[in-house]
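Me: Please take a close look at the aromatic rings in this structure, and explain the terms as you go.

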Amino acid sequence: MKNKYQKTIYACFIGYIVQAIVNNFVPLLFLTFQDTYGIPLSQITMLVTINFGLQLLVDLISVGFVDRIGYRASMIIAHLFAASGLILLAVLPELLGNPFAGILIAVILYAIGGGLLEVLVSPVVEACPSDHKEQTMSLLHSFYCWGHVAVVLVSTVFFKIFGIENWKVLACIWALIPLINTFLFARVPIASLIEEGEKGLSIKELVRMKIFWIFMLMMMCAGASEQSVSQWASTFAEKGLGVSKIVGDLAGPMAFAILMGSARVFYGKYGEKINLDRFMTGSSILCVISYLCISFIPNPVIGLIGCAVCGLSVGIMWPGTFSKAAASIRKGSTALFAMMALAGDLGCSGGPTVVGMVSSCFDEDLKKGILAAVFFPLFLIFGIWMCKKEKKADTQC
């Protein structure tokens with residue numbers, strides 16, 4: 001990596017921390033929203049669906065304007081939307097008189113920022129000169145996990161010291177991070193993903209490639225496998241396992257994030273010696289086992305261990321699929337990364353939504369909902385097998 005791009009990499013690391021704040025702060029407040037504002041679980045499920053669903057829409061729309069206005073301007077816009085959403089989260093519920101509407105508007109704003117970040121961060125890092133693209137990508141995505149850990153740990157300590165009723169102050173504090181990173185992206189150098197004189201593939205060209213659809217399936221399953229447990233871990237620990245909020249947050253989502261980040265750092269360091277397909281297949285099998293432990297073993301300790309192990313198992317899924325797609329589909333450019341992010345966000349939206357809907361059908365039983373999500377890691381294994389099959393036929397994968 002050339003030294004002049006090191007600050008760019010650091011800014012991208014922070015970008016994924018912002019993404020973690022956007023996706024994981026509000027889920028810590030689900031029960032608070034229920035108790036304070038009387039918002040039912042069905043509407044809270046809608047917040048998750050809209051967050052990732054809107055990110056999905058932004059992923060698709062971004063193909064039309066990111067290359068036109070440039071990565072720098074797009075990065076600045078993304079961070080400003082994320083910051084404004086977090087700030088308004090603290091203001092709008094009381095200001096509008098309809099708490100759910102206020103929360104929803106804030107979610108919409110920061111979801112736009114999160115969707116843009118999902119499209120932008122990976123290609124910016126991919127464009128930076130590096131001899132080990134897959135390892136760098138895995139390390140990059142680990143910062144989403146460390147951001148997730150920071151969100152849970154700092155939020156838990158804040159709530160313990162100042163009380164959860166002061167969550168609005170914390171929302172404004174978290175908003176400082178995207179605001180600071182806005183200034184960083186205004187200054188750091190940004191390399192081009194496509195060589196001068198070359199043209200990236202369009203969406204129309206991508207959709208004609210069979211391998212592209214295999215990667216879309218894999219990305220969707222990666223996002224669903226990750227967020228099906230991550231988004232509900234805190235609520236599941238409190239309601240399903242009967243532990244306190246502090247224990248639930250620390251032993252649920254934070255343990256999940258630590259092990260997910262550890263898996264990504266591990267591959268980032270030792271990736272040259274590891275077969276990526278085998279690592280992803282083994283991780284998917286472990287994910288299935290963790291889902292079954294959460295769903296069928298009534299012991300609360302085993303349930304929390306299952307949540308944590310799930311984090312370890314999903315760590316390589318998202319960055320691994322990103323790396324395989326970038327290596328297999330040359331000249332994919334913004335269109336490829338945007339479509340991969342779209343598929344991933346579709347999974348991130350669909351996974352928690354399936355869990356929430358199935359749980360509602362079984363008297364708010366989250367164990368039943370998480371069991372329904374076991375098909376996502378199984379489909380990811382199928383996608384890896386299809387990719388190998390395509391490799392033999394076309395030597396593309």
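Reply: Tyr-267 is buried, with a relative accessible area of 2%, where buried means under 20% relative accessible area, exposed over 50% and partly exposed in between, computed with a 1.4 Å probe on protein chains only. This is a predicted model, in which local features need pLDDT of at least 70 and side-chain atom pairs count only at pLDDT 80 or more, while totals for chains, interfaces and linings use all residues. Residues are numbered from 1 along each chain as its sequence is written, and side-chain values use heavy atoms, leaving out hydrogens and water.

Phe-279, by contrast, is partly exposed, at 21%. The ring centres of Tyr-267 and Phe-279 lie 5.9 Å apart with planes at 15 degrees, so the two are stacked; rings of Phe, Tyr and Trp (its six-membered ring) pair if their centres lie within 6.5 Å, and planes under 30 degrees apart count as stacked, over 60 as edge-to-face and the rest as tilted. This pair links helix H13 (residues 245-270), which holds Tyr-267, to helix H14 (residues 276-296), which holds Phe-279, the two residues being 12 apart; helices here are DSSP runs of H or I with at least four residues, numbered from the N terminus. Together with Phe-266 and Tyr-270, Tyr-267 and Phe-279 form one aromatic cluster.

By the pairing rule the count comes to 13 aromatic pairs. Another of them is edge-to-face, because the rings of Phe-33 and Trp-167 have centres 5.6 Å apart and planes at 75 degrees. Phe-33 sits in helix H2 (residues 30-37) and Trp-167 in helix H9 (residues 167-185), so this pair ties together parts 134 residues apart in sequence. Phe-33 is buried at 0% relative accessibility, and Trp-167 is buried at 3%.
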